[in-house]
Amino acid sequence: MRRTAEEAARTRQALLRAALPVFAERGYAAATLAGIAERAGVTRGAAYHHFHDKAALYLATISELWAEAAAPVWAVLDGGGPVLERMRRFLIAFFTALERDATLREVFALSMRSAEGAPELVAGLRDKQAMMEGWKRGLTELLSGAPLRDGLPAEAAALAIMMSVNGTAATWLACPELFSPADQAEALADAVLYGLTDRTLADEELTDPGTRSGEPRGSGSPTSG
């Protein structure tokens, strides 16, 4: 019987959903298209109808499920309000989803891997570079209207945010018992956007000879002048 477009779409989605945990748990090399088809509850022929090989399924899993999982997070940036407040809400949403949304977490983990020695993945993973370039352009455009520190270009601020997001995610994925991105989302967002120190106090500390020599301020002898 001829399948309807809706049935074909459901089969394709089932394959993507089944492929994600398989690739995340076993890696690209150990996963098989036949095994993913079985997990999805479809025939091997149906799998090959939608994806001509394992590489095509792997790359589609990353690109399509990432777009789906990340859409609600990115939508936060399109809301109203001051730019930095929108950026703060975006960071909180991302750090929370990283831990609590299994799809976003697993796709992000896959996207951070290299081609795993598989030449058939190299060309496809160039899409990741294009995605990162788009991310940089979008954040740069948004931050061009933000009250950034004097002398800080919007592009540098965008890159700093990207590195902070990727670094936080990579650290937690490698060592999940170290901290909870969801529980610390607000603090992490504030650290990314506003830094780690009070700027005035930091400047004072850098110009305080006692502090530069390793002597804390206010630690002089109680008998001194």
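## Terms and basis of the model

A crossing of two helices is called left-handed if the near helix is turned anticlockwise from the far one by less than a right angle, and right-handed if clockwise. By that convention, the crossing of α1 and α2 is right-handed, where helices (H or I, at least four residues) are DSSP runs numbered from the N terminus.

This is a predicted model, in which local features need pLDDT of at least 70 and side-chain atom pairs count only at pLDDT 80 or more, while totals for chains, interfaces and linings use all residues. Residues are numbered from 1 along each chain as its sequence is written, and side-chain values use heavy atoms, with hydrogens and water left out.

## Helices α1 and α2

The axes of helix α1 (residues 5-30) and helix α2 (residues 33-40) come within 8 Å and cross at roughly 125°, the axes being lines fitted to C-alpha atoms over the stretch in contact and the angles running from 0 to 180 degrees between N-to-C directions. That angle makes α1 oblique to α2, because angles under 35 degrees count as roughly parallel, over 145 as roughly antiparallel, 65 to 115 as roughly perpendicular and the rest as oblique.

On the α1 side, Ala14, Leu15, Ala18, Ala19, Pro21, Val22, Phe23 and Glu25 meet Ile36, Ala37, Arg39 and Ala40 of α2, with contact meaning heavy atoms within 4.5 Å. The residues of this contact divide into 10 nonpolar, no polar and 2 charged, where Ala, Val, Leu, Ile, Met, Phe, Trp, Tyr, Cys and Pro count as nonpolar, Asp, Glu, Lys and Arg as charged, and the others, Gly among them, as polar. Ala40, which has its place in helix α2, is in contact with Ala14, Leu15 and Ala18 when its neighbours within four places in sequence are left aside. The C-alpha atoms of Ala40 and Gln13 are separated by 9.2 Å, although these residues are 27 residues apart along the chain.

## Helices α8 and α9

Helix α8 (residues 126-143) and helix α9 (residues 154-174) have axes that come within 8 Å and cross at roughly 125°, which makes α8 oblique to α9. The crossing of α8 and α9 is right-handed.

In this contact, Met132, Trp135, Lys136, Leu139, Thr140 and Leu143 of α8 meet Ala154, Glu155, Ala157, Ala158, Leu159, Ile161, Met162, Val165 and Asn166 of α9. By class, the contact of α8 with α9 has 11 nonpolar, 2 polar and 2 charged residues.

## Helices α5 and α10

The axes of α5 and helix α10 (residues 185-194) come within 8 Å and cross at roughly 135°, and α5 and α10 are therefore oblique to each other.

From α5, the contact is made by Leu84, Met87, Arg88, Leu91, Ile92, Phe95 and Thr96, and from α10 by Ala185, Glu186, Leu188, Ala189, Asp190, Val192, Leu193 and Tyr194. The class totals for the contact of α5 with α10 are 11 nonpolar, 1 polar and 3 charged residues.

## The cavity

On a 1 Å grid over the protein atoms alone, a cavity is a set of points where a 1.4 Å probe fits but cannot get out, whereas a pocket is an open set with protein on both sides within 12 Å along at least five of seven lines, and lining residues have an atom within 4 Å of a point. Grid points are joined across faces, edges and corners, and a volume is the space filled by probe spheres set on the points. By this rule the model holds 1 cavity of 30 Å³ or more, and about 40 Å³ of space lies in the largest cavity.

The largest cavity is lined by Trp66, Ala70, Val73, Trp74, Phe90, Phe94 and Trp135, and the elements that give two or more residues to this lining are α4 (54-75) and α5 (83-100). The largest share, 4 residues, comes from α4, and the lining divides into 7 nonpolar, no polar and no charged residues.

## The second largest pocket

About 190 Å³ of space lies in the second largest pocket. Of the 10 residues that line this pocket, the closest to its centre are Ile62, Ser63, Asp127, Lys128 and Met131, and the elements that give two or more residues to the lining are α4 and α8. The largest share of the pocket lining, 4 residues, comes from α4, while by class the lining has 5 nonpolar, 3 polar and 2 charged residues.
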